[in-house]
Amino acid sequence: MAMIEVSGLHRSFGENHVLRGVDLAVEEGTTTVILGSSGSGKSVLMKHMIGLLTPDRGTVRVDGEEIQGLSEHGLARVRRKFGMVFQSAALFDSLNVFDNVAFPLVERGGLPRREIADRVHEKLDVVGLRGIDDRYPEEMSGGMRKRVALARALALDPKIVLYDEPTTGLDPIATEYVDEMIVSAQERVGVTSVVISHDIGSAFAIADRCAVLHEGAVVAEGTPAELRESRQPFVRRFLALWYQRR
Amino acid sequence: MNDDLGPPGAIASAAHEAREAVVSVGSSTLRLVEEIGGMAELFVQAIVWTLRPPWRIRLLFEQLDFVGVGSIFVVGITGLFTGMVFAVQTYHAFSMFDATGLVGATVALALARELAPVFAGLMVTARVGSTMATELGSMRVTEQIDALATMAVSPLQYLVAPRVVATIVMMPVLTLLFDGVGIAGAYTVAVFGQGVSAASFLSRIRTWVDPQDIEGGLIKAAVFGLLIAIIACYKGFHARGGAKGVGRATNEAVVMASVVVLVSDYFLSVLLSPFWTLHTHGLR
């Protein structure tokens, strides 16, 4: 069953027609990587999946429910199914690590302080960060911030986790670590993951399925093995350039 | 014919420039109308989200502290010196026709009706409005506002509503402080510096300044608070383009809020004048 289903999605910003009829299905419990060059509309597509942007045309269904036209309350209910790791990590810079990870738990309410603390430390353990509760985002490296952001995204044990360029700007060791985190989150709790990236190596390491976005539409879709064999001209060029640079 | 009209290239160039000018004025006007509409919408949403649970009391108190307590020093200093310099100037003017006893009443009336709300508004714009625009702008460009939304937390309720309410509440308080400190400064200059009788200074204030004068000033202050917070939050909320975009948003917020405080002061004074005039005439 498709956890996220995008159909005929169009979105323009002024004269710039970014998405030109995107169709994509993300199966439950899988990791889908959306590949594409910079400016191809990957982040815009992801923001539609969680209702941060409204399409000009087309629909997005999450867990069987169409999210366009939902009230603020309905959209909040759908968003509780998601965790999201932003490209910039998007940690709240006025809060320390503990409060950042605790934030979604506190906002959801109903949990005693002790349980919130236990959950926060459990999630920080998962991403390999201990003893940094009191640190503020500006006191951490990019890789650490991404891991804290991942812990925050996993805090509510969401059904779906969206990763916006999770390894951009990271060194190879941090990249591998984040990749392992994504795979482990999917394997341990069966979370559905959507990752957007232009890092093909990372994508092939973690993806069950890949989709290639080019000029506002999905031009190729399949398993990493299928993508390697693709005859689609853009995909061939994209992969050839990556192989050349390795 | 061509000699009269100039070379065809020059005509085409002039026409192009004229067209560019019209397009530029038109797009600026459209942008302004769009911004005013956006700010009105933000105001309505801020009110709606203020009334909807969960009520974020801690965030409200943080903002009350930042806007109110944090501005005491700058508003106090501005009020003190405004009262002092106004006393010096009115003393010189009134001494020409032997009416120095009116210094206190003149300063107090001007402070209560105009100077305190306007100057406090400008100080709050500089200190609070700039910070709000920068904070929200920075949160926007680093995706922290999007992150709030993805966690099913309304950024309007979490970020905008407490700032708007706190500024509306604290502006009248700061204006009262400005009134008090300004009158104290004027008293010091007039009584200890210029030799005006203390009894005359104070009794004329009691005679000429009515509670309605102060109330009118406080109404203005609350309106200024609303305008400053809405403009600053709107500009920050819609910042785009990294550090440069945040700087631009802050700059636009401060300039726009300062101008709006001064312009709206005129219209508020006109609106309040029947209230002030009626009262004054009713008593005397």
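**A buried helix, then the rest**

Author: In α1(A), the buried residues are A:Lys42, A:Ser43, A:Val44, A:Leu45, A:Met46, A:Lys47, A:His48 and A:Met49. Buried here means that 20 or more other C-beta atoms lie within 10 Å of a residue's own; exposed means 12 or fewer, partly exposed is in between, and C-beta atoms are placed from the backbone. Helices (H or I, at least four residues) and strands (E, at least two) are DSSP runs, numbered from the N terminus.

Reader: And how is this model made, and how do the numbers and letters work?

Author: It's a predicted model: local features need pLDDT of at least 70, side-chain atom pairs count only at pLDDT 80 or more, and totals for chains, interfaces and linings use all residues. Residues are numbered from 1 along each chain as its sequence is written, while chains are lettered from A and ligands numbered from 1 in the order in which they are written.

Reader: Back to α1(A): how many of its residues are buried?

Author: 8 of the 8, so α1(A) is largely enclosed by the rest of the structure. Just after α1(A), A:Gly51 has a positive phi of about 80 degrees.

Reader: Then what about A:Thr54, buried or exposed?

Author: A:Thr54 is exposed, because it has 12 other C-beta atoms within 10 Å. It sits in the loop between α1 (42-49) and β4 of chain A. A:Arg209 is 155 residues away from A:Thr54 in sequence and 25 Å away in space, C-alpha to C-alpha.

Reader: OK, sheets. What's the strand order in the one with 4 strands?

Author: The order is β2-β1-β4-β5 (chain A), in an open sheet with antiparallel pairing. Its edge strands are β2 (16-27) and β5 (65-66) of chain A, each pairing on one side only. Two strands pair if DSSP finds at least two bridges between them. Strand β4 (residues 57-62) of chain A pairs with β5(A) in the antiparallel sense over 2 bridges, and A:Arg61 has A:Glu66 in β5(A) as its bridge partner.

Reader: And the sheet with 6 strands, which order does that one have?

Author: That open sheet runs β6-β7-β8-β3-β9-β10 (chain A), with mixed pairing. β6 and β10 (217-222) of chain A are at the edges with a single partner strand each, so one side of each has no neighbour in the sheet. On average, neighbouring strands of this sheet are turned by 15 degrees against each other, direction ignored.

Reader: Which way does β6(A) pair with β7(A)?

Author: In the parallel sense, over 4 bridges. A:Phe82 has A:Ile160 in β7(A) as its bridge partner. β6(A) is also covered on both faces: A:Phe82 and A:Met84 on one side, and A:Gly83 and A:Val85 on the other, are all buried.

Reader: And the other edge?

Author: There, strand β9 (residues 209-214) of chain A pairs with β10(A) in the antiparallel sense over 5 bridges. A:His214 stands opposite A:Ala217 in β10(A).

Reader: Switching to helices. At what angle do α3(A) and α4(A) pack?

Author: About 125 degrees, with the axes of α3(A) and helix α4 (residues 113-126) of chain A 9 Å apart. Axes are lines fitted to C-alpha atoms, for helices over the stretch in contact, and angles run from 0 to 180 degrees between N-to-C directions. α3(A) and α4(A) are therefore oblique to each other; angles under 35 degrees count as roughly parallel, over 145 as roughly antiparallel, 65 to 115 as roughly perpendicular and the rest as oblique.

Reader: Who makes that contact?

Author: From α3(A), A:Phe98, A:Val101, A:Ala102, A:Leu105 and A:Val106; from α4(A), A:Ile116, A:Arg119, A:Val120, A:Lys123 and A:Leu124. Two residues are in contact if their C-beta atoms, placed from the backbone, lie within 7 Å. The residues of this contact of α3(A) with α4(A) divide into 8 nonpolar, no polar and 2 charged. Ala, Val, Leu, Ile, Met, Phe, Trp, Tyr, Cys and Pro count as nonpolar, Asp, Glu, Lys and Arg as charged, and the others, Gly among them, as polar.

Reader: Last one: how many residues does each chain give to the contact between A and B?

Author: Chain A gives 15 residues and chain B gives 11 residues. On the side of chain A that touches chain B, α2 (72-79), β6 (82-85) and α3 (97-108) of chain A give two or more residues each. By class, that side of chain A has 10 nonpolar, 1 polar and 4 charged residues.
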